4 protein chains.
Amino acid sequence: MNSFGTKFRLTTFGESHGDAIGCIVDGVPAGLEIDESYIQNEIDKRKPGLTKFATQRKESDKVQILSGVFNNLSTGAPIALLIFNENQKSNDYKEIKSLFRPSHADFTYFKKYGIRDYRGGGRSSARETASRVAAGAIAKKLLEKFDIQIRSGIFAIGGIEAENLDFEYAITSEIFALDKLQEGMQKKAILEAKESGDSIGGCVFVKVTNTPVGLGEPLYNKFDAALAAALMGINGVKAVEIGEGVNASRLRGSQNNDQMDKNGFMSNHAGGILGGISSGTDINLKVHFKPTPSIFLKQQTQNEQNEIVNFNLKGRHDPCIAVRGSIVANAMVSLVIADMLLLNASSTLENLRKIYNR
Amino acid sequence: MNSFGTKFRLTTFGESHGDAIGCIVDGVPAGLEIDESYIQNEIDKRKPGLTKFATQRKESDKVQILSGVFNNLSTGAPIALLIFNENQKSNDYKEIKSLFRPSHADFTYFKKYGIRDYRGGGRSSARETASRVAAGAIAKKLLEKFDIQIRSGIFAIGGIEAENLDFEYAITSEIFALDKLQEGMQKKAILEAKESGDSIGGCVFVKVTNTPVGLGEPLYNKFDAALAAALMGINGVKAVEIGEGVNASRLRGSQNNDQMDKNGFMSNHAGGILGGISSGTDINLKVHFKPTPSIFLKQQTQNEQNEIVNFNLKGRHDPCIAVRGSIVANAMVSLVIADMLLLNASSTLENLRKIYNR
Amino acid sequence: MNSFGTKFRLTTFGESHGDAIGCIVDGVPAGLEIDESYIQNEIDKRKPGLTKFATQRKESDKVQILSGVFNNLSTGAPIALLIFNENQKSNDYKEIKSLFRPSHADFTYFKKYGIRDYRGGGRSSARETASRVAAGAIAKKLLEKFDIQIRSGIFAIGGIEAENLDFEYAITSEIFALDKLQEGMQKKAILEAKESGDSIGGCVFVKVTNTPVGLGEPLYNKFDAALAAALMGINGVKAVEIGEGVNASRLRGSQNNDQMDKNGFMSNHAGGILGGISSGTDINLKVHFKPTPSIFLKQQTQNEQNEIVNFNLKGRHDPCIAVRGSIVANAMVSLVIADMLLLNASSTLENLRKIYNR
Amino acid sequence: MNSFGTKFRLTTFGESHGDAIGCIVDGVPAGLEIDESYIQNEIDKRKPGLTKFATQRKESDKVQILSGVFNNLSTGAPIALLIFNENQKSNDYKEIKSLFRPSHADFTYFKKYGIRDYRGGGRSSARETASRVAAGAIAKKLLEKFDIQIRSGIFAIGGIEAENLDFEYAITSEIFALDKLQEGMQKKAILEAKESGDSIGGCVFVKVTNTPVGLGEPLYNKFDAALAAALMGINGVKAVEIGEGVNASRLRGSQNNDQMDKNGFMSNHAGGILGGISSGTDINLKVHFKPTPSIFLKQQTQNEQNEIVNFNLKGRHDPCIAVRGSIVANAMVSLVIADMLLLNASSTLENLRKIYNR
């Protein structure tokens, strides 16, 4: 089940060390300007090999549009995007081809499918998220037309939290840090982990502004539920919070309720969603990433023959997956909102009348 | 979009103060024993009016099976379940029919659909969750056949956390408390909120044991993503954690990785899911509920005419939705697992050979 | 898989001799006037027991709306419709409970599910189609708002074909005959079959007028493909033709092409659909029903114990399922068009701009 | 909506004159042997440019597997297949870029999307069916493991019908003729149409043997309904018949019923499907293709400016799309059966027990 979304729909393919990765984006409304350079620009944000805070795997991640765009406009046909893999060092994986790396998906893929592409995690590798970012770029292009803005950045690294959210600053930061004052400490935490052969967890903040009121399809495709699935489905995510999040479970109603004045909501504990439908206020999301399971310290595990193995990983890995994860989270949220925008189009008779003019 | 699940599929209908609520459960494998009393027993757990910790609305919540069961066995046909509403005091809502109760879905439903059934929240009411529990009972009956157990209870109320998880005790507790020692404090927190016209948030813990290895359909119907959607879609939920959850973002890989010995995983930070697929270890979930938005203190809001209104709510409401929410969370998890169990059936050629014997 | 449609979505339940049949209609745009009498009126058209050309089973087929409608307007919530069964003479089926009636679904249901509700065919009975007609009534109510008209009637009985299509006349005909001049012969063919304990096949014509150009979602939810599925899925249908239909395979391109003048298409061999998208001209469909498999002549079959059995059916059956099938075909086409109307709403950026006004 | 199937699921992309066409095949059970040469062999059957009975467009149609196969076995990950376009003579279409070719999808695509890729019909071109055949090859590989055979060929050309169905002969025939004795007349009809600048319709027969009893998911994913959708959705198909087909509407029940003896059904009017479920007997399908709309005779049409235009088409076109259509029909049927095979896996509790061994 490699498709995501209902009307604005992404289907991806590809493994970490296969020939190529890519996707088909279906349901893109006709008439949207799309050019490769815009998509490329988004992909480049999560490209590996750029800083010392990310894996040193070098991939040019050059994207090609194969279909669905004619004279720089979407035609309503599915848009296929293709990225060839270049820097697959499969040899890195020969030694570990029959063992289950701790907290990776090796064990579960093997048990489920009876076969696994051990090279770099195969299908379970975060390399696939490049396709999500590429598709997310098309979604963002659509959302731009409706002045909807999705921004993200690093909220916390190893528990060191931002105290101020500056999304403009995050764009320029090597680790997409939201708080310039905390950035130094956060970087230091990553490098310390890296230098000791370890890794570290982090938390991403995503903020959506100017969402139209009314997005979300209750009761089983609620906006918040769709966002939770989109975000929890990203490699390494273990918790998702919306609005007040975990803290809501500690509050009283009088503290958590968002009262209204003439201009709308006077607070935003809800995080922009009520009853599974967008309220028009900012959507605030926290996405918690576990530390990269690929560490370079000695570990113990099983192999396919059910023997105990002690081993040291080699290879090139992100010391903190949350960093590039912030780009992926942004893309996933974009995809959800594009889908909700399309799904809501038929919610009322009045909407249909506007379209069919009858 | 009122359907949930892919192969084991729930579709619900009904409003808080309409004639009836109910659901159709599709995809139930043929040959499963189903009787009304089993389903009734599950529904009774979340029935309102039972204790001072829940709303005083009195509903017998008598369920009828209308189809899909013949001689007490499922036939493979869709199973329709019907519960008539009895204790609808619509008059409670006359005074507030044109105003948007803070942190309820009144505002968003009105803006999305241009019309709303103001009686008790209409479709957005948690009353609908009785259908989820009824359907969940069928899912649990199926899971029993495979020795899969789903248990739940109250982990925290207003920040007062359990230190010990005793699921057997929770069954007997009026608030489904997991920790007998904390129960008194937790109850006190609820009653204090209630007595002051307020409400309080809480956190539910769900544990699944003995799940087969291999459930979950990557990449876009991963087990954890599906659980996150199922749980975040419950009324009032603002955060979902799996395994180490939020805390994972604070740890190093060496702390969070689950190494293996001969018997399997030596720890369970992952919470039973790796790469979106069940690993066979316990699935541990935390579900954070906001405090009930219905409080009896004076509040300010808008009405449909965009005027500011100060008002006092009346009616009958749960002071802490997490309490009955623990039953709903349990049901939703059951539905997800039943679906995953069915979806996984065709994951390998070997599985198909067993079935078709060719 | 008891759901039909994507955005305008029907889910049905119920067996021939169970307690009730019914359905949930999801995705109905909010703001549509809906009243029970309109739905009842549609159901009454296919109600059994009305003429000597239909089964004598007496069912009042009284429909109740359980949800989704408030103050006579759809609210956007799912609409549940319920019809209790009344005239279940299960005893009629005791004698045949373990044998497989020829050309019925007894054999295949038993082999697929390992259990079957033998009473009247259980889930496979055409009784379920009352739910389709009820749901179709809601679809038609929506289509009326857009001046789209779906009409149907009997084109042929036992090869006796209409030479003229008079849909107004069909409404008044006991067998929904489209051609008053052929009606006598067609009725005679039915009665002759009936009197000899036999049954007879027939062909239904469905015509849709004033469809907006642009409905249909290529490439795998084309308008014609969706109609074919909807119609072939009706009990007893063995062939579906669109436009020139079977005859198209005998023609040359110069004969079959629809050229255009200023006013549009100069002919309509296509039957209103090109490339899976409506062209705005009439949609013309022929639906071929086999003769009712329930006949009263001696037949030979197997039973569940794999023994040969000779038997005579009893009970009450339509001598020609095409007659009431014309109402069901009409309903199914209505459901398809309603779905296509909603799905097309997001086909262009321009449509979305009209809705969101941004 | 460019996806087909539920569990065994095809998503295609690409236009006639774009860079490439291709598809993602999702849900392929792990452990199936797959190699490019097998897929290539199937694609070569429908490759253009091979005989005088097909278009002279020359395409090598070389297929590449980009993902989902490791060591020649399917891994459970999505399988992406890519075919680059080579012989796009876009110039052929410059003259007609703003006019609507009669009985092509030019008019409807333009009206639906407001923009169209006029080069060779863009997305609406039958070129896309190469992807279906490629995906169908994977489906057939799976069905081979279960000894299910799908064969097809030309039943009729311009009304000249086969009297004998020889599927082995069809493989060797330039027009896939099923009846060697009629082949000469059928070829002559095609060449006569071609030489006069015209085209001709035809009928394809598809036969499936050795299908397991029990495939098909009633009530809204019945086997026959799914086949009808699959076949009616092929470019140029205007009618689909199953078993007795159109003729069933002319018969009496006593003529059309399939009685049983010890060995099973004594006749096969049903065409292998009862109640939407396979009965184990041969599935017999007739698929009626209209004549190619691209003819070289003078025709009249509108252009995008709503002016009348008289024109003569140029380019390279099949004189009879049914011929290569027989390969596409075969592929679509294969995809449906593979999907049904997977969907049925969870139909009974007993099936699940076999898989989970609990």
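B:Thr55 has 5% relative accessibility, so B:Thr55 counts as buried; buried means under 20% relative accessible area, exposed over 50%, and partly exposed in between, with a 1.4 Å probe and protein chains only. Before I go on: this is a predicted model, in which local features need pLDDT of at least 70, side-chain atom pairs count only at pLDDT 80 or more, and totals for chains, interfaces and linings use all residues. Residues are numbered from 1 along each chain as its sequence is written, chains are lettered from A and ligands numbered from 1 in the order in which they are written, and side-chain values use heavy atoms, with hydrogens and water left out.

Back to the threonine. B:Thr55 sits in the loop between α1 (36–46) and β4 (63–65) of chain B. Helices (H or I, at least four residues) and strands (E, at least two) are DSSP runs, numbered from the N terminus. What is B:Thr55 in contact with, leaving aside its neighbours within four places in sequence? The list is B:Pro48, B:Gly49, B:Arg316, B:His317, B:Asp318 and B:Arg324, where contact means heavy atoms within 4.5 Å.

Next, chain A against chain B. The contact takes 102 residues from chain A and 102 residues from chain B. Between them, about 7900 Å² is buried, and carbon and sulfur atoms give 57% of that. Buried area here is the accessible area (1.4 Å probe) that two parts lose on being put together, summed over both. Of the area that chain A buries against chain B, A:Met1, A:Lys112 and A:Tyr220 supply 12%, more than any other three residues.

How many salt bridges are there between chain A and chain B? The count is 2, taking a salt bridge as a side-chain nitrogen of Lys or Arg within 4 Å of a carboxyl oxygen of Asp or Glu. In a salt bridge between B:Lys112 and A:Glu217, the N to O distance is 2.8 Å. Helix α2 (residues 106–113) of chain A gives the largest share of the side of chain A that touches chain B, 6 residues. That side has 43 nonpolar, 41 polar and 18 charged residues. The classes are Ala, Val, Leu, Ile, Met, Phe, Trp, Tyr, Cys and Pro as nonpolar, Asp, Glu, Lys and Arg as charged, and the others, Gly among them, as polar.

Strands also meet here. Strand β11 (residues 237–242) of chain A and strand β11 (residues 237–242) of chain B run antiparallel, joined by 3 bridges; two strands pair if DSSP finds at least two bridges between them. A:Ala239 has B:Glu241 as its bridge partner.

Now chain A against chain C. This contact takes 30 residues from chain A and 30 residues from chain C. They bury about 2800 Å² between them, 61% of it on carbon and sulfur atoms.

Last, chain D. Why is strand β10 (residues 202–209) of chain D largely enclosed by the rest of the structure? Because 8 of the 8 residues of β10(D) are buried. D:Gly202, D:Val204, D:Val206 and D:Val208 cover one side, and D:Cys203, D:Phe205, D:Lys207 and D:Thr209 the other. β10(D) pairs with strand β8 (residues 149–157) of chain D in the antiparallel sense over 8 bridges, with D:Val206 as the bridge partner of D:Ser152. Another 7 bridges join β10(D) to strand β16 (residues 283–289) of chain D, also antiparallel, and there D:Val204 stands opposite D:Val287.
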